[in-house]
Amino acid sequence: MEFLKELGIMPHNSGVSTGMNWLNSRGVDLASYSPVNGQLIATVTTADETDYDAVINTAVKAFAYWRTVPAPQRGEIVRQVGEALRQKKQALGSLVSFEMGKSLQEGLGEVQEMIDICDFATGLSRQLYGLTMHSERPLHRMYEQWHPLGITGIISAFNFPVAVWSWNAMLAMICGDVCVWKPSEKTPVSAIACQKIIATVLQRNNVPEGVSCLINGGKETGILLSTDVRIPIVSATGSTLMGRNVGVAVAARFGRCLLELGGNNAIIISKDADLDMALTGSVFGAVGTAGQRCTTTRRLIIHEDIYTRFTELLVHAYGQLRIGNPLDELNHVGPLIDKDAVNTYLEAIAACKEQGGRFVVEGGVMEGPGYESGCYVKPCIAEVLPGCPIVQTETFAPILYLMKYKTTEEAVAIQNEVPQGLSSAIMTMNLREAEYFLSASGSDCGIANVNIGTSGAEIGGAFGGEKETGGGRESGSDAWKVYMRRQTNTINYGSHLPLAQGIRFNL
């Protein structure tokens with residue numbers, strides 16, 4: 001395929017890079033098959049422990065240099081990365097769509113997120129502000145400043161194979177950190193393409209090896225990153241189980257963790273909602289990326305007065321969905337990532353039925369021409385009671401659960417009763433409902449929206465959630481601070497040494 005050639009992807013690739021150099025990696029071969037048609041995209045040789053150590057040692061040396069480069073100059077490098085991504089947007093977006101299975105529009109949107117975060121980070125490189133505080137002692141000045149932290153280890157998930165890396169890497173780089181990326185073993189080729197793109201920029205600017213590194217590998221590589229004392233911060237995106245393991249390992253060595261884990265997101269549909277707007281937000285949120293977003297809408301909590309009417313609208317809308325090759329822009333829904341995901345989807349449907357759920361739109365695996373990969377499934381809708389156990393879990397598939405409510409307080413309580421706390425939304429034209437939803441008594445999620453869905457966050461705001469979602473924040477606002485260390489400074493410019501709190505110490 002032409003986009004593979006444009007991105008420099010070969011039939012067989014090293015999966016380990018220290019920047020411009022690709023190591024003769026000695027791990028196992030990892031084959032990447034497209035869920036679109038089952039085609040082999042390429043094979044990638046993963047890292048063994050020797051390769052891993054070589055990369056980390058190179059990154060350690062690079063940090064000693066990179067932290068001394070003025071932040072605006074680091075920002076200029078990131079700006080050029082954004083320009084390089086603009087030139088490769090179509091090709092990289094196509095690869096993301098083909099390797100992961102999301103629609104081409106979503107693949108292109110993911111690359112646009114990368115471009116946007118480069119723009120954001122470039123501006124931020126001149127705004128890494130500290131505070132100035134008044135000292136209680138005369139002729140003293142107090143202030144804080146922020147210094148680079150070191151190596152940022154990045155563990156990313158298959159559903160956003162490139163964007164989440166950029167959220168972390170571009171901010172970490174302008175902060176003066178160097179990056180070591182372990183992508184999902186389900187999408188290694190997209191990661192290699194990104195590394196090749198950034199390498200051209202680093203080489204053109206004579207940036208040394210080790211500032212941006214790539215280590216393809218499986219669970220064992222993630223364990224190496226998590227337990228390595230040379231890596232002060234690990235940013236991990238994935239399942240709650242994975243995050244719990246990473247968090248414990250990093251905490252055991254007093255490292256810093258940024259965790260972006262599972263979501264179980266709900267939209268409350270008020271009787272005062274604009275139903276056309278609510279329908280669009282609900283359907284896209286539920287079926288976009290075939291339900292494989294951490295911000296996917298998994299629950300609709302619908303007011304009893306409009307429940308029947310809105311359910312009918314949903315069923316009709318689902319009947320219009322086109323399922324097929326995501327590179328065809330006429331299709332709404334692509335495949336799940338692999339057959340293991342399909343099995344998880346089928347198991348969740350069976351569990352829902354056993355627990356009393358009633359499907360108003362039935363699920364199942366698609367068969368026939370165009371579905372030979374076995375990874376295409378039907379988005380489905382089930383009516384359930386709020387306490388249904390399957391609703392408490394996150395199934396990475398297009399299964400939508402419907403529940404009724406009477407009062408706003410009841411709806412919020414239903415929304416908050418799950419263990420995850422990433423994204424949430426309410427559809428209402430009632431100002432009081434909207435404000436209650438956003439208040440301290442309202443949504444307990446890291447993201448709370450009014451009259452938009454649960455997915456589609458912009459990079460300008462901090463992204464992340466609470467409870468089993470991990471508590472991490474990436475991307476916008478002041479999320480940059482997690483990649484740096486804070487230092488408080490006090491300068492005495494007087495001729496005496498007064499002590500704080502009025503303490504006297506006479507010699």
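## Basis of the description

Helices (H or I, at least four residues) and strands (E, at least two) are DSSP runs, numbered from the N terminus. The structure is a predicted model, in which local features need pLDDT of at least 70 and side-chain atom pairs count only at pLDDT 80 or more, while totals for chains, interfaces and linings use all residues. Residues are numbered from 1 along each chain as its sequence is written, and side-chain values use heavy atoms, with hydrogens and water left out.

## Overall architecture

The protein chain comprises 14 helices and 23 strands. Its C-alpha atoms occupy a box of roughly 80 × 60 × 40 Å along the principal axes. For 507 residues, a compact globule would have a radius of gyration near 23 Å, and the 24 Å of the protein chain agrees with this. The radius is taken over C-alpha atoms, and the globule rule is 2.2 Å times the number of residues to the power 0.38.

Of the 507 residues, 57% count as buried. Buried means under 20% relative accessible area, exposed over 50%, and partly exposed in between, with a 1.4 Å probe and protein chains only. A contact means heavy atoms within 4.5 Å. Among contacts between residues at least 6 apart in sequence, 74% join residues at least 24 apart.

## Packing of helix α3

Two packed helices are described by the angle between their axes and the distance between the axes. Axes are lines fitted to C-alpha atoms, for helices over the stretch in contact, and angles run from 0 to 180 degrees between N-to-C directions. Helix α3 (residues 71-87) packs with helix α5 (residues 104-124) at an angle of about 160 degrees, the axes being 8 Å apart. The two helices are therefore roughly antiparallel; angles under 35 degrees count as roughly parallel, over 145 as roughly antiparallel, 65 to 115 as roughly perpendicular and the rest as oblique. The crossing of α3 and α5 is left-handed. A crossing is left-handed if the near helix is turned anticlockwise from the far one by less than a right angle, and right-handed if clockwise. On the α3 side, the contact involves Gly 75, Val 78, Arg 79, Val 81, Gly 82, Leu 85 and Arg 86, which meet Val 111, Met 114, Ile 115, Cys 118, Asp 119, Ala 121 and Thr 122 in α5. These residues divide into 8 nonpolar, 3 polar and 3 charged. Ala, Val, Leu, Ile, Met, Phe, Trp, Tyr, Cys and Pro count as nonpolar, Asp, Glu, Lys and Arg as charged, and the others, Gly among them, as polar.

Helix α3 also packs with helix α7 (residues 188-204): their axes come within 9 Å and cross at roughly 135 degrees. That angle makes α3 oblique to α7, and the crossing is right-handed. Here Ile 77, Gln 80, Val 81, Ala 84 and Leu 85 of α3 meet Ile 197, Ile 198, Val 201, Leu 202 and Arg 204 of α7. The contact divides into 8 nonpolar residues, 1 polar and 1 charged. Val 81 and Leu 85 are listed in the contact with α5 and in the contact with α7.

Helix α13 (residues 408-416) and helix α14 (residues 431-438) pack at about 35 degrees, with axes 11 Å apart, in a right-handed crossing. Thr 408, Glu 409, Val 412 and Gln 415 in α13 meet Glu 433, Tyr 436 and Phe 437 in α14. The residues of this contact are 3 nonpolar, 2 polar and 2 charged.

Ser 443 lies in the loop between α14 and β19. With a relative accessible area of 12%, Ser 443 is buried. Beyond its neighbours within four places in sequence, Ser 443 is in contact with Val 412, Gln 415, Asn 416, Ser 424, Phe 437 and Ala 448. Ser 443 and Asn 492, 49 residues apart in sequence, are 47 Å apart in space, C-alpha to C-alpha.

## Individual strand and loop positions

Val 360 belongs to strand β14 (residues 358-361) and, at 23% relative accessibility, counts as partly exposed. Leaving aside neighbours within four places in sequence, its contacts are Thr 311, Val 315, Ile 381 and Glu 383. Phe 254, in the loop between α9 (240-252) and β11 (256-260), counts as exposed at 79% relative accessibility. Phe 254 and Pro 232 are 22 residues apart in sequence and 8.3 Å apart in space, C-alpha to C-alpha.

Asn 451, which is not a glycine, has a positive phi of about 65 degrees and is placed in the loop between β19 (447-450) and β20 (462-463). Ser 477 has a positive phi near 55 degrees. Ser 477 is found in the loop between β22 (474-475) and β23 (484-492) and is partly exposed, with a relative accessible area of 43%.
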